[in-house]
Amino acid sequence: MEIIGVAYRLCPRCFRAVPAASGERYCPNDGTRLLETCPRCQTPIPSPYARFCVVCGQGFGLVTSKGGKA
Ligand SMILES: [Zn+2]
Ligand SMILES: [Zn+2]
């Protein structure tokens with residue numbers, strides 16, 4: 001399979017980013033499943049600093065209604 005450029009996996013909870021090639025699937029900080037692509041449009045995540053999808057504007061962070069302070 002071709003990978004277009006460098007893609008990243010991103011933790012939706014703490015925004016830790018790792019290269020997709022690292023093979024990490026879960027965040028070592030909080031055990032959250034890393035996002036590999038945009039949850040809405042499946043666009044690969046092009047930057048470790050991305051917080052929103054560049055194509056559809058979907059936020060990558062977890063949406064919680066609890067609003068607890070960290
Ligand atoms: Zn995390
Ligand atoms: Zn998207």
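The structure is a predicted model, and its chain contains zero helices and two strands. Of the 70 residues in the chain, 16% are buried. When contacts between residues at least 6 apart in sequence are considered, 28% of them join residues at least 24 apart.

**Core and cysteine 11**

- Eight residues form the largest nonpolar core, and these are Tyr8, Leu10, Cys11, Ala17, Cys27, Leu34, Leu35 and Ile45.
- Cysteine 11, one of the residues of that core, is in contact with Arg16, Cys27, Asn29, Thr32 and Leu34 once its neighbours within four places in sequence are left aside.

**The loop between S1 and S2**

- Strand S1 spans residues 8-10, and the loop between S1 and S2 holds phenylalanine 15 as well as arginine 13.
- Arginine 13 counts as partly exposed because it has 17 C-beta neighbours inside 10 Å, which falls between the limit of 12 or fewer for exposed residues and that of 20 or more for buried ones.
- Not counting residues up to four places away in sequence, arginine 13 touches Cys27, Asp30, Thr32 and Leu62.
- The C-alpha atom of arginine 13 is separated by 8.9 Å from that of leucine 34, and the two residues are 21 residues apart along the chain.
- Phenylalanine 15 also counts as partly exposed, because 15 C-beta neighbours lie inside 10 Å.

**Backbone angles with positive phi**

- Most residues other than glycine have a negative phi.
- Phenylalanine 15, although it is not a glycine, has a positive phi of about 65°.
- Glutamine 42, likewise a residue other than glycine, has a positive phi near 65°.
- Glutamine 42 is found in the segment after S2, and it counts as exposed because it has 11 C-beta neighbours inside 10 Å, where 12 or fewer is the limit for that class.

**The segment after S2**

- Strand S2 covers residues 17-19, and arginine 51 lies in the segment that comes after this strand.
- Arginine 51 counts as exposed because it has 11 C-beta neighbours inside 10 Å.
- With neighbours within four places in sequence left aside, the contacts of arginine 51 are Phe15, Gly59, Phe60 and Gly61.
- Arginine 51 and proline 12 are 39 residues apart along the chain, while their C-alpha atoms are separated by 8.7 Å.
- Valine 55 lies in the segment after S2, and it is partly exposed because 13 other C-beta atoms are within 10 Å.
- Apart from residues up to four places away in sequence, valine 55 touches Cys38, Cys41 and Thr43.
- For valine 55 and cysteine 41, which are 14 residues apart along the chain, the C-alpha atoms are separated by 7.9 Å.
- Glycine 23 has its place in the segment after S2, and it counts as exposed because it has 8 C-beta neighbours inside 10 Å.
- The C-alpha atoms of glycine 23 and arginine 9 are separated by 9.1 Å, with the two residues 14 residues apart along the chain.

Notes
Residues are numbered from 1 along each chain as its sequence is written. Chains are lettered from A and ligands numbered from 1 in the order in which they are written. This is a predicted model: local features need pLDDT of at least 70, side-chain atom pairs count only at pLDDT 80 or more; totals for chains, interfaces and linings use all residues. Helices (H or I, at least four residues) and strands (E, at least two) are DSSP runs, numbered from the N terminus. Two residues are in contact if their C-beta atoms, placed from the backbone, lie within 7 Å. A nonpolar core is a set of buried Ala, Val, Leu, Ile, Met, Phe, Trp, Tyr and Cys residues joined through C-beta atoms within 7 Å.
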